[in-house]
Structures are given as C-alpha cells and as structure tokens.
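Have it open beside you as you read.

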Amino acid sequence: MPEAMNPGLSIEECVRRLKRYHYAFKRLHQIFTARITAEPIYELKMGFSLHAHLCAEHVTALRKRVGEMREPPLGLEVVPDANLEIFFDEILAAPTTEELILGLYEKALPALQSALEHHVQDTNPLADAPSLRVCRFALVEIADMLKFGAQTSAALVDEACRERAGDWLGLLDDALAAAGALDGTKTPSGKTVQLQHSATPYQYDPVPRRDERFPDPFNMGVNAEVFLYDEKLPPEPKTLMMFYKRLREVDVPEMMASIITETTDKPWDYYRDMTRQLWDEARHAMMGEVGFANLEIDWPKKVMINHTWSLALNTQLKPIERHAVLYFIEQGLMPKNGKRFEWEVGQASHNPLSALFQDYDWADEVLHARIGRDWYLKEFANAQEAVKYGDECWSRVLMNWENWRTRGLTQHRNWWPDVYRDACKHWGVEPDPQVLAYCTTYQTVRADLKELTGSA
Ligand SMILES: [Fe+2]
Ligand SMILES: [Fe+2]
C-alpha cells in the first residue's frame, strides 16, 4: 500500500525518461555492432555480438512500451539531448579497444543502469507496472554485460592505459553532466563539451581483423564440404569438419555487422532481426570452438580458420549485395544436403555434442530463412529474381586462391592430417589411412564455391 500510494512519475515524465533509455540502448546497439568487424580479439567479437543483440531487444521492448502510452508519431527517432549524442558519438569513435571498453562498460552501461534503477524507485509500481517490468528485465541483462565488461577491462586495461584515457573519460563525464545525467533528471551543467574522438565523424572499418589465434587467415587448403558429402567417408572425422565449418562462421558476424551498420533507412524491426541472426552466427562459431576444445584439440595452432569470405564481401560488394549473397547461401542450406544432413552426420557419429549443435544450428537456420524472406525477399518482384540476384552478386566476388599464394599471403597448408591424428589420439583409435590422406583444397572448386564456402 505505501508503495502504491506514492504518486511517482506522470505519463509525461515516464515517457520522457523511457525515450532516453531507448536512445541509449539504440546507440549501444550501433556501437557494439559497428565495432565487431575490425576488432581483432575473438572474445570481444563474440561478446559484442551478444551485447548488440541484447541492446536491440531492449530497444524493441522500450519502443513498444512508449507506443502504449502515446499516439504516433512517437518521436522515437528524435535525438533526446545533443550532449547525449556527443557522449555516444565519442565512444563509437574511440580509437583503441581499451578506450572503447572503458567507454562502453565503465561509462555508458553504468549510466544507463543507474537511470533504470532510479526509474524503478521513482515510478508508481501499480500504475506504471508495465514500464517497471521492462526496466527490471533490462537491468538483469545490463548486470550480465557489466560482468563481462569488468572481466574484459581487468584483462586488457592497465593503470597506465587508464591514465592516458583520463582526459577523455572526463569528457564523457562532462557530456553526461551537460545532459543532466542519462535520464535528464539532474540540472544540466551548462558546460560546453569539446569534441575529441568524434571531432572527425566516425567511419566504419569494413576490413575484418583477427588475433593471433588465426595465424593463417587466407588458408583455403582444406575443403570441408567435399569431405563432408563424400559418402565413402565415416561420420566421426566429419564432425571435425563440421566444427571447422562452425568456427569459420566468425566471418558471418563480421559481414553482417557491415550490412547493419551501412544500411540506414530501414524500420527498427529490420535491425532487431538482423542482429538476432548476427548473434546466432556468433553462437555457431563458438559451438565449433567448444567442439574442438571438447576433443582437446588446440584449434588456434591446428585448425586454420580463414576470414576470406567476410573480407571479400565487405570490401567488394555494397550492403544490399552482401545481403543478397547471404540469402542466396542460406536458402541453399535448407534442402537435403544442408542442415538436416549435417545433423544426421552428428547423430551417426558418436559425438553427442556435434549432434546437439547441429540440431540447434538447423533450427536457427529456419529462423534465418524467415528473416531473409521478411527483409531481403521483399525488395524483389518474386523469389526467383531475389535468388538470381544473389547468385550474380556471389559470382562477382573475387576469391583468388592462386593469387593469395603467389603474393605470399598463405601457402594453403593442408592442416587436416595433423588435426585428424590429434582427434584419433583422443578417441584412442588408429587413423584411417583414407581419411588421413584427404587433401582436397578450395582451389579447383571455384564453380561450386557458391554452395561450398557458404558458411552462414
Ligand atoms: Fe550459422
Ligand atoms: Fe544462418
């Protein structure tokens, strides 16, 4: 009773604050997404993929709630405060990973957390129960993100680094103070904030970068698909090829981040759906990683995961053309030789993890086909035209196997026998000579590349 009798926030004030949380989550989603591609550290690529997805989900919930309290136009595309815009522009443009981490996890997310906590305290829990629920859910996931952020800065940011970033972190505080805090409940400081990192507008970097666990990123020396579809070969070693194919999917978030970042004119649900898929693809990569770890295979040394697909697409095609290629590849994964086949191989092998991962990978793919229908297919008169365009775009992509070799970018080393031997040791079996001798590369299968390297 005492809580319900507390007048709390009016609709006017409630909506004003919700729009600022909405703006903050939207900008966080933008930053997490835009910084996936060129960030070399594998864990950060994966973490940013998850956090972009979480932020997109909270944007969606907040938009819905504002829509329940106001008639359109809802004004959700309006920047609520020029200093908040500076605050997020500065973090987006942070020139180093360390500054980015500090800005996101030590400034932006804590400010948003404190704003949401105030909302929970200030609002009437009976009258404003639906907003309260949205805020509480958001707080749960912000706590998860902050935990990841704390571990990240403990690992990456030392005192010297923190000191070098000191002025800039002060600038972020100033921007928030000038905005009257993230929720605008304090008196604005009145101080003018001098732009630092965002003085020249941020430019998205489309070139994927990888850390030292990807020592041979142009290696296309082991053709996973020819092996996988060879009926004469047994299922156990095929699980290794599937873990390789999954882990290679690191390139899909790298590529999807470019589509999402460079496509600016879509309704919000487009960004939400595409970011969900981006996160699924990051999960697929981690499934591959877990599969190798489970077999005690040192994948960074033994398995050469390349970045050739995201590199080629991001630097050779326009955003809609990249989406066309993604759609073209994914619609090819649904028939017999696609996801069902991979799941059956997992089942036939004696690796329960492989079967489980392929089961969920297949289910995710059904969702991705739906996302493709909703957001790509609709741009065309009919489905055939959409597929044809995807085929054309993919055919234009230059994957120059021989050129990379002569330029010394890679030797396309056949890493397969080594990995297979390690797995046999783990399984306690003798290597099968036919499996051990496998040496088909991606060089001669250019014509089929469109089906074969499709890792999405
Ligand atoms: Fe995938
Ligand atoms: Fe997919």
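1. Let's start with a pair of side chains. R370 forms a salt bridge with D374, their closest N and O atoms being 2.6 Å apart; a salt bridge here is a side-chain nitrogen of Lys or Arg within 4 Å of a carboxyl oxygen of Asp or Glu. Both residues lie in helix α16 (residues 352-375), four residues apart, about one turn of the helix. R370 counts as partly exposed at 29% relative accessibility, and D374 counts as partly exposed at 26%. Buried means under 20% relative accessible area, exposed over 50%, and partly exposed in between, with a 1.4 Å probe and protein chains only.

2. A word on the basis of these notes: this is a predicted model, in which local features need pLDDT of at least 70 and side-chain atom pairs count only at pLDDT 80 or more, while totals for chains, interfaces and linings use all residues. Residues are numbered from 1 along each chain as its sequence is written, chains are lettered from A and ligands numbered from 1 in the order in which they are written, and side-chain values use heavy atoms, leaving out hydrogens and water.

3. Another pair sits in helix α2 (residues 42-69), where R65 and E68 are three residues apart, about one turn of the helix. Their salt bridge has its closest N and O atoms 2.8 Å apart. R65 counts as buried, at 9% relative accessibility, whereas E68 counts as partly exposed, at 45%.

4. Which parts of the chain does the pair E262 and R322 link? Their side chains meet in a salt bridge of 2.9 Å, N to O. The pair links distant parts of the chain, with E262 in helix α10 (residues 251-262) and R322 in helix α14 (residues 319-331), 60 residues apart. R322 counts as buried at 3% relative accessibility, and E262 as partly exposed at 33%.

5. Now for the whole chain. The secondary structure comes to 21 helices and zero strands; helices (H or I, at least four residues) and strands (E, at least two) are DSSP runs, numbered from the N terminus. The radius of gyration is 24 Å, close to the 23 Å that the globule rule gives for 456 residues, so the chain is as compact as a globular protein of that length. That radius is taken over C-alpha atoms, and the rule is 2.2 Å times the number of residues to the power 0.38.

6. Finally, buried residues make up 54% of the 456 residues in the protein chain. The count of salt bridges comes to 44.
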